[in-house]
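Hi,

Here's the structure I promised to pass on. Have a look first, and my notes on what turned up are below.

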Amino acid sequence: MQLSRLSLLVASFIASIGAQSTFTPARPPSIPLAVRSPYLSTWLNAGSDGGNGGYLAGQWPVFWQNQVTGWCGLIRVDGNVYTWMGLPGSKTVNQTAFEYTSTKSIFTMNVENKLEMNITFMSPITPSDIKRQSLVFSYLNVEVSSLDGQKHDVQVYADISAEWVSGDRSAIAEWEYGTTNGVAYHKVHRQTQLAFSQVNEQGEWGNWYWATDATNGMSYQSGPDTVVRGQFSQNGKLANSGDTSFRAVSSNWPVFGFTSDLGSVGSSPVSTLFSLGLTQDEAVQFAGSSDYGPLPSLWKSYFDTELAALSFFHHDYSASSSVATAFDNRVATDSIATAGQDYLTITSLSARQAFGATQLCGTQDHMYLFLKEISSDGNMNTVDVVFPAYPIFLYTNPEFLKLVLDPLYENQEAGNYPNDYAMHDLGSNYPNATGHSDGRDEKMPLEECGNMLIMTLAYAQKSGNNEYLSAHYDLLKQWTSYLVEDALYPANQISTDDFAGSLANQTNLALKGMIGIQAMSVIAERTGNTEDAANYSSIAHDYITKWQGLAIAKGANPPHTTLSYGDTNSHGLLYNLFADAQLGLNLVPQSVYQMQSDFYQTVANKYGVPLDTRHTYTKGDWECFTAAITSGNTRSMFIKDLATWINETPTNRALTDLYDTVSGNYPQNTFVARPVMGGAFAPLLVR
Ligand SMILES: *[C@@H]1O[C@H](CO)[C@@H](O)[C@H](O)[C@H]1NC(C)=O
Ligand SMILES: *[C@@H]1O[C@H](CO)[C@@H](O)[C@H](O)[C@H]1NC(C)=O
Ligand SMILES: *[C@@H]1O[C@H](CO)[C@@H](O)[C@H](O)[C@H]1NC(C)=O
Ligand SMILES: *[C@@H]1O[C@H](CO)[C@@H](O)[C@H](O)[C@H]1NC(C)=O
Ligand SMILES: *[C@@H]1O[C@H](CO)[C@@H](O)[C@H](O)[C@H]1NC(C)=O
């Protein structure tokens with residue numbers, strides 16, 4: 001495969017002289033192929049900075065961290081062989097169209113005007129069906145039909161390489177072939193499983209399954225990449241044999257192939273289905289109310305064995321497709337009604353990425369949602385990463401928001417955290433939710449106290465679960481005391497935008513604290529603590545009146561809030577205002593909303609409004625939060641600029657949330673694939 005990597009330029013040259021593909025609704029920086037969990041996360045880089053422009057054939061798919069996860073597709077038509085995925089060396093099919101929805105990436109290929117192929121990658125999102133959501137599996141469906149009225153003799157081939165099972169290319173892989181309940185599978189894993197360990201962000205434990213229907217026309221083979229692909233190219237079928245020389249991932253690149261003989265194909269489409277996924281009996285370690293230790297993957301509580309899970313998933317394609325399509329349609333209808341097609345371009349690209357950072361663990365009676373920060377670092381359930389993502393959880397199923405907050409509460413209520421403000425994250429290195437019993441987590445006290453209060457109330461309002469508020473009342477009150485102390489004149493500290501540096505008296509951070517105090521007033525009211533409710537409401541209103549005096553550059557034309565108190569030439573995205581609107585608090589006067597809405601238009605660059613006056617970069621998630629609380633032209637401007645950026649950015653990695661509003665490129669940090677893009681759903685919550 002090294003040779004193939006060198007051929008990248010050649011491939012993009014070939015793609016550029018071949019037929020051009022359309023991209024609907026946009027040509028994203030990177031196309032999600034199989035994106036389902038922190039470890040099942042494979043993409044096709046598309047942007048011009050090293051990507052090939054979004055053509056499935058001619059470039060290897062990659063893990064979000066950018067190492068190749070070898071995934072190859074060939075097709076044989078009347079004896080001639082073409083590549084439809086990856087870069088194994090043969091002539092490529094012509095891609096004519098690409099389209100994405102919230103759960104699917106669909107490529108249409110033309111082969112010599114003889115055959116059409118529809119290639120669908122589907123990573124289901126099934127919000128109200130936790131059993132299906134718990135499976136760390138993804139589909140690849142290949143459908144072909146004749147284009148020229150003739151019948152053609154067709155065989156389809158696809159393989160994965162052992163690169164999927166370890167981020168260490170010298171790790172020894174082991175594999176076996178089997179069948180279960182009509183499903184043929186290659187099972188591939190590290191010979192030495194390293195539980196809860198990662199190399200280059202890939203998980204080093206569990207079993208990978210690559211599967212298809214065990215029909216008569218199916219053949220299989222494992223072996224060196226050139227041998228297995230060569231066998232197919234020459235014979236149109238594989239040897240039904242297994243390579244037993246277990247070896248390093250990069251030693252003669254072992255691959256695991258399947259073929260399907262579709263026979264004589266006419267104008268009615270025929271298809272071959274593949275499933276790909278990861279089974280880990282135990283997925284994370286957690287310090288909750290009991291001792292620190294392993295938690296099972298949630299799918300274990302629905303299936304007795306991993307083969308049962310695989311078999312269910314593979315046979316579930318048509319049902320799963322209906323559920324996924326219903327979800328796609330819901331997002332499409334709501335997005336278009338809220339802010340038009342440009343907005344759907346953003347939401348539908350963000351959905352798999354947000355859920356792709358999560359893993360369901362525990363049992364049906366006691367489950368958790370763990371979330372990996374991804375790329376900026378590997379922190380778990382980072383409170384200020386859950387916060388930007390919370391709109392997608394609230395929109396899809398508010399119980400997800402509870403499941404992601406639960407382990408944070410459980411850890412802190414068990415006395416595992418010594419500080420009186422809210423903990424930043426559940427552990428520095430996914431999948432180890434060790435907590436921070438030494439209290440030395442990244443310190444973002446005002447940010448996280450505000451976030452916890454806001455998100456907890458958001459969940460209770462949407463679900464009606466006031467018991468949840470009572471259960472956590474003491475801690476919520478403790479965090480509120482911190483806000484009462486610090487929110488009016490915030491000490492010099494970092495906010496979630498830590499890459500921008502620390503600052504005292506941050507306008508937007510102060511606002512979050514005040515909204516947090518008012519959220520506590522509502523929490524107190526909902527739990528019958530009327531005195532607290534009155535007290536916190538009066539403090540919050542007193543603060544917000546003072547804040548308007550401190551934070552607004554009144555003499556400016558047009559007036560606007562500043563980045564920090566008194567710095568009249570500064571400004572920034574006042575995105576925390578979103579929480580006031582989303583929770584229906586009415587703490588902040590409408591005049592502030594209107595003022596900001598009028599102001600942003602005057603400071604917009606080509607690809608959006610800068611995060612603040614210190615830099616020209618912005619954050620896609622915060623732009624969506626801000627768009628949610630602006631009106632008319634300003635909202636459309638935010639949405640249009642972000643959608644334009646998605647289509648034009650030279651970045652070629654899984655959707656970044658941090659980009660330059662002038663060049664469209666990365667600033668100093670390469671943030672990719674982060675769940676924070678769940679914030680794209682913010683405008684759907686304040687319609
Ligand atoms: C792709 O399109 C080019 C240009 O039309 C054509 O020359 C080539 O034969 C096509 N390749 C396939 C596999 O259809
Ligand atoms: C591909 O999808 C399009 C649009 O749904 C459909 O019209 C066409 O028949 C499909 N082609 C194949 C080969 O399935
Ligand atoms: C998680 O903890 C285990 C020990 O229990 C360790 O082997 C592993 O390297 C840790 N994982 C990470 C990503 O730090
Ligand atoms: C109101 O809350 C503040 C801050 O937590 C506290 O110091 C004060 O005692 C409370 N007042 C009443 C009347 O409860
Ligand atoms: C914060 O703002 C207040 C009011 O302008 C000022 O008195 C105080 O010195 C500022 N704090 C810091 C740390 O700059």
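This is a predicted model: local features need pLDDT of at least 70, side-chain atom pairs count only at pLDDT 80 or more; totals for chains, interfaces and linings use all residues.

First, the ring bookkeeping: rings of Phe, Tyr and Trp (its six-membered ring) pair if their centres lie within 6.5 Å, with planes under 30 degrees apart counted as stacked, over 60 as edge-to-face and the rest as tilted. On that basis, the whole structure holds 49 aromatic pairs.

Residues are numbered from 1 along each chain as its sequence is written, chains are lettered from A and ligands numbered from 1 in the order in which they are written, and side-chain values use heavy atoms, with hydrogens and water left out.

Back to the rings. Tyr575 and Trp622 make a stacked pair, because their ring centres are 3.8 Å apart and their planes are at 0°. Tyr575 sits in the loop between strand S26 (560-561) and helix H14 (577-582), and Trp622 is in helix H16 (residues 620-628), so the pair ties together parts 47 residues apart in sequence. (Helices are DSSP runs of H or I with at least four residues, strands are runs of E with at least two, and both are numbered from the N terminus.) Tyr575 counts as buried at 2% relative accessibility, and Trp622 is buried too, at 1%; buried means under 20% relative accessible area, exposed over 50% and partly exposed in between, with a 1.4 Å probe and protein chains only.

Ring pairs also link up a cluster made of Phe23, Tyr55, Trp71, Phe98, Tyr100, Phe107, Phe121, Trp164, Trp208, Trp210, Phe258 and Phe274.

Then there are charges over rings (NZ of Lys or CZ of Arg within 6 Å of the ring centre and within 35 degrees of the ring normal). The charged end of Arg330 is over the ring of Tyr395, 3.9 Å from its centre. Lys512 lies over the face of Phe387, at 3.9 Å from the ring centre.

Now the ligands. I list a residue around a ligand if one of its heavy atoms lies within 4 Å of it, and a polar contact is a pair of N or O atoms within 3.5 Å.

Around ligand 1 are Tyr82, Thr92, Asn94, Asn110, Val111 and Glu112. A side-chain N or O atom of Asn94 is 2.2 Å from an oxygen atom of ligand 1, and a backbone N or O atom of Glu112 lies 2.6 Å from an oxygen atom of the ligand. Ligand 1 alone exposes 360 Å², and the protein buries 60% of that (Shrake-Rupley areas with a 1.4 Å probe).

Ligand 2 has Glu116, Asn118, Glu143, Val144, Ser145 and Pro269 around it. Polar side-chain atoms come within 2.9 Å of a ligand nitrogen atom from Glu116 and 2.3 Å of a ligand oxygen atom from Asn118. The protein covers 49% of the 360 Å² that ligand 2 has on its own. Strand S10 (137-146) gives the most to this shell, with three residues.

A polar side-chain atom of Asn432 lies 2.4 Å from an oxygen atom of ligand 3, and the protein covers 56% of the ligand's 360 Å² of accessible area.

Cheers

Notes
A polar contact is a pair of N or O atoms within 3.5 Å; within protein, one must be able to donate a hydrogen and the other to accept it, and residues adjacent in sequence count only if both atoms are side-chain atoms.
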